[in-house]
Structures are given as structure tokens and as C-alpha cells.
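Colleague: I would like a close look at one part of this model, followed by a careful account of how the rest of the chain is arranged. Please take your time over the answer.

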Amino acid sequence: MNMDVRESDSPKEFCGLCGVYGVPDVGPTLYQGLFSLQHRGQEGAGIATADGREVYSVRGQGLVNDVFGRQDWSALPGHLGIGHVRYSTTGSTRIQNVQPLVAECVDGIWAVAHNGNLVNAEKLRGMYQEAGAIFQTGTDSEVLIHLLADPMYRTRPRRVARALAELDGAFCFLLMTRNCMLAARDRYGFRPLSVGRLGDGYVVASETCALELVGATFIRDVEPGELLIFDESGMHSSFFAEGPERKPARCIFEMVYFARPDSKVFGKNVHETRVQYGRQLAKEHPVDADVVISIPDSGNSAALGYSMESKIPLEHGFIRNHYVGRTFIMPSQGDRSRGVDMKLAVLREVVKGKRVIVVDDSVVRGTTARRRVQRLREAGATEVHMRVSCPPIKHPCFYGIDFPTSDELIAGGMDVDEICAYLEADSLGYLSLEGLFVPFGSEHGFCSACFSGDYPSDISGMSGDKHALESRSELPLNI
Ligand code: SF4
């Protein structure tokens, strides 16, 4: 069985987007942008470019370097292009599902790259399939191509805006024709999408860390419900969702876990926000101890904040093995705990004989956290106090984050005391829901449904099965 030890008790990464317009030979720039977004998806990577005459594309499974490390960039020429790194929140791991998807409609070629999860994709796909349309992939993203090809939209003004307005759920889309690039963010603004300037051209990316790496200067975020069009006359903005149709519900979990610490997400630096979470956690759940340690890397900033607020020294208690990659073959699923041990080693000298506070960004199933508490005790810690820089995750996400089902989420069935007992920790403290919003002051417009169960959109049609779009093809064929 091929199992990534990182996936044993973590929410899964999803997808990352990078688009470039008006830059000579865009291929290497897109490669760098995708490289810096690798944390958002490791199953596959793809780039489509255009030179005003043709669309070129290369896609493959694996990491960005696996796919493009030896790329002959003359095969991806042009002054505009879009790229994608994929983690499958819908559809299985197969090459057909790697994006950008490229399709030839009656009036030209479209390349499409998507980050998020469309909650009405099953309905739209079923409607087109009933009408005779053929789908090539198991992804929800493909429905946008069918909407664009549909004469209902194709023959009317503001075709792309009209098609986007039909979609519900979480999406950031990058689209490309032979000579223009488009960027869109759903009406809720679940996922981040930022625009930067590079020379005379533009770069659009899921996170600002990609803008930094390619040398672009941040201009602004794409607004919820906004469609940006980049062409030879510059950048043009319009809205496909306006007024009350725009209901900002930015994913607060981007701040907790997904985004890179050096990115600016929803107007705030991620590292600084996580430090604030750590400070708040120390105020809400103080405890006498000798040392604060983090679960690297995603717990680092919150542990620093906890240490600063509590005045308890911060140490490196776990050392990460960066070479335990996703191709590591676990002997069996039952060996999950050994996989956890291989990923992080305990620094015995730091924890032996000490009362230890260990800070993690989240607890999903609880199996990994439990093993880490055990390891600290085996290494001689006299007390282990677990602190988590987000509230208990009790509900599934339908907007592009691949949490397990409620049954598998430890907080879905246990209260904090029961979880503490399961982890065999001396104490357990989660950041409160109110604490999660402290860094944002009176700002509103966030989604926190995985903590609160309060979903910002209608999810009644969602099966929660990421293979739901593919299972249709297994129906017996009438021949
Ligand atoms: S449910 Fe949670 S993970 Fe999903 S979009 Fe909302 S805050 Fe983000």
C-alpha cells in the first residue's frame, strides 16, 4: 500500500493556481510559481501556455519537479499561460484529472484550472450527461467547460460571467484562450487568489508566496464574485456576482493550516496571524510547564506565540525528517504509527524530565497526536500538555478541503475531556471559535463551518464522496 505518512492525521492539501500574462517565455515563470505552491497539492502538476496562435500543454502525475524538472521549455512557448498543482478533492488520482484541462469548443480552445469544490457539480454534470454530453474526467472542474460550450452561454454577451454565475460552492478559476487569460473567484471568496505585476505583465496566484518567488509585486486580491480579464489592453475587472449575491465566507482554515507562513492571505501575513493564535491560546489555556515545543512545521508559529505570551521557553522538541516523501511505501496500514515516528524524531535531551507543552495546528483523527504524546513520554517528559491552535474540527468541509467524515473526526464523537483521555495527555486546550477571529477584529465574512457546522451555502445536494462524479460511469451500459 502506498501511503503518505503526512496524510495519516492531517487535513489534505487541495490545489494551487498560477497564471501569467504578458511575460516573454512564460513557462519557467509558471514553473517557479507552481513550485512555491507545491504545499497545496502533490498528486499532479500541469501548465498550458499560448502564443496568440496555439495552445500548448504538458501535464503529469507527481510533484512539480517530477513533471517539469527536465522540461524543454520550447515545447511550452508563449506570453501567457496557466498552471495547476493538484490534490484530488473530487475525482481519483489519474492523469485525466490533472489540470489545466484543455478543450476545443466550436469557437476555440479553452484551458481551465480550478481550486475548490463546486457544490452543484453533480447536478450540472448529470444534466449535461442526460443531454448527451461526454465528460473526459472525474473532476467537478469540467462542468465549466460544458457551460462555456453550451449555446445558452456561448452566443450571449458576458459568456464567462454568465457561466460562472451558474456555479455554486468554492472556486478560483484560471482560464485561458489563445490570446487572453481570465481569473475568477467565487461569490464567497473561500479560497485566496492574488494579483501581482511583473514587468509589463501580470501574475495571478493562489498565494502571494508565488508572486514573491517569481519577482512580481503584489497589487491586490481578486474580490469575491470578481472576474478579471487580461488581454493586450491590460487588466479589466467585472463582477459575475453583485450586491447581495456576494456573501464573503473566506476559509479560516487557510490561516490555521493550509497557507504558507510567508504568504499574505485575506490581507494578513499568515505567520503573524498564527503567532497571534498562539498568544490567544496561552491566554485561554495557561498551564505551568518547563518548555514549549511545536509539531513542525505547521505548529511552529503558534508555538512561538504561546511561548511569547506565557514566557515559557520555546525549544525544538521534534525534528522533522524532510526526506519522508509521499512515495514512501508503508508496509501496512497498521504500521501507521511507525510512519509517524519516521516523520518526526523526538529530541530526548529537550524533553527528558520536563513538563512539556506541545502545540499543534489541528487535530483531525487524533491517531497521530496520540502517538506523539506517547513518544514524548517515552523520551522522558514528566507531563505532556497538548495545545491546539484551532477549535475542535467536528464537521466535514464541502468547499475543497479533504477532511475525513464526521465519524472519523475525533471531535465529531468526543468532547474535549474524552479526547484528552484518548490522547493520554495531562491536559488539552483548543483555541476558541472567538479566539480564531481575534486577529481580524471587527472584520466579518469568514467560513468556519468545519468547527461550527454553520455552512455558508446550501450543501443539501452534496454526497461528500469525492468520487461521486466518477461513479456514474460504473452504471451498466444500455447497448
Ligand atoms: S468548512 Fe472549514 S475548511 Fe471548509 S471552507 Fe469552511 S472553514 Fe474552510
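In which helix is Met308 found?

Modeller: The model is a predicted one, and within it Met308 belongs to helix α10, which covers residues 300–310. Met308 itself is partly exposed, because its relative accessible area is 36%, which lies between the 20% limit for buried residues and the 50% limit for exposed ones. Together with Leu304 and Leu314, Met308 forms a nonpolar patch on the surface, and the three residues share about 220 Å² of accessible area.

The helix also has a buried part, made up of Ser301, Ala302, Ala303, Gly305, Tyr306 and Ser307.

Turning to the strands, an open sheet of seven has the order β3-β2-β4-β1-β10-β9-β11, with antiparallel pairing. Its edges are β3 and β11 (217–221), and each has a single partner strand, so one side of each is left without a neighbour in the sheet. On average, and ignoring direction, neighbouring strands of this sheet are turned by 15 degrees against each other.

Within this sheet, strand β2 (residues 44–50) is largely enclosed by the rest of the structure, because seven of its seven residues are buried. The cover extends to both faces, with Gly44, Gly46, Ala48 and Ala50 buried on one side and Ala45, Ile47 and Thr49 buried on the other. With β3 (residues 55–61), β2 pairs in the antiparallel sense over seven bridges, and Ala50 stands opposite Val55 in that strand. The two strands form a hairpin with four residues between them, and Gly52 in the turn has a positive phi of about 95 degrees. Seven bridges also join β2 to β4 (residues 80–86), again in an antiparallel arrangement; here Gly46 stands opposite His84, and the bridge partner of Ala50 in β4 is Leu80.

Elsewhere in the chain, Arg348 is found in helix α12, which covers residues 348–351, and this residue counts as partly exposed because its relative accessibility is 46%. Leaving aside residues up to four places away in sequence, Arg348 touches Glu378 and Ala379, and its C-alpha atom is separated by 9.0 Å from that of Phe318, which is 30 residues away along the chain.

Asp25, in the loop between β1 (16–21) and α1 (26–36), has a positive phi of about 50 degrees although it is not a glycine, and it is exposed, with a relative accessible area of 56%. Glu424 has a positive phi of about 60 degrees, likewise without being a glycine; its place is in the loop between α15 (416–423) and β22 (427–430), where it is partly exposed at a relative accessible area of 38%.

Technical notes
Residues numbered from 1 in each chain as written. Predicted model: local features only at pLDDT ≥ 70, side-chain atom pairs only at ≥ 80, totals over all residues. Heavy atoms only, no water. Patch = residues over 30% accessible without salt bridge, like charges linked within 9 Å, V, L, I, M, F, W, Y side chains within 5 Å. Areas by Shrake-Rupley, 256 points an atom, 1.4 Å probe, with all protein chains shown as cover. Salt bridge = Lys/Arg side-chain N within 4 Å of Asp/Glu carboxyl O. Buried < 20%, exposed > 50% of the residue type's maximum accessible area, 1.4 Å probe, protein only. Pairing = 2+ DSSP bridges. Axes fitted to C-alpha atoms, helices over the stretch in contact; angles between N-to-C directions. Contact = heavy atoms within 4.5 Å.
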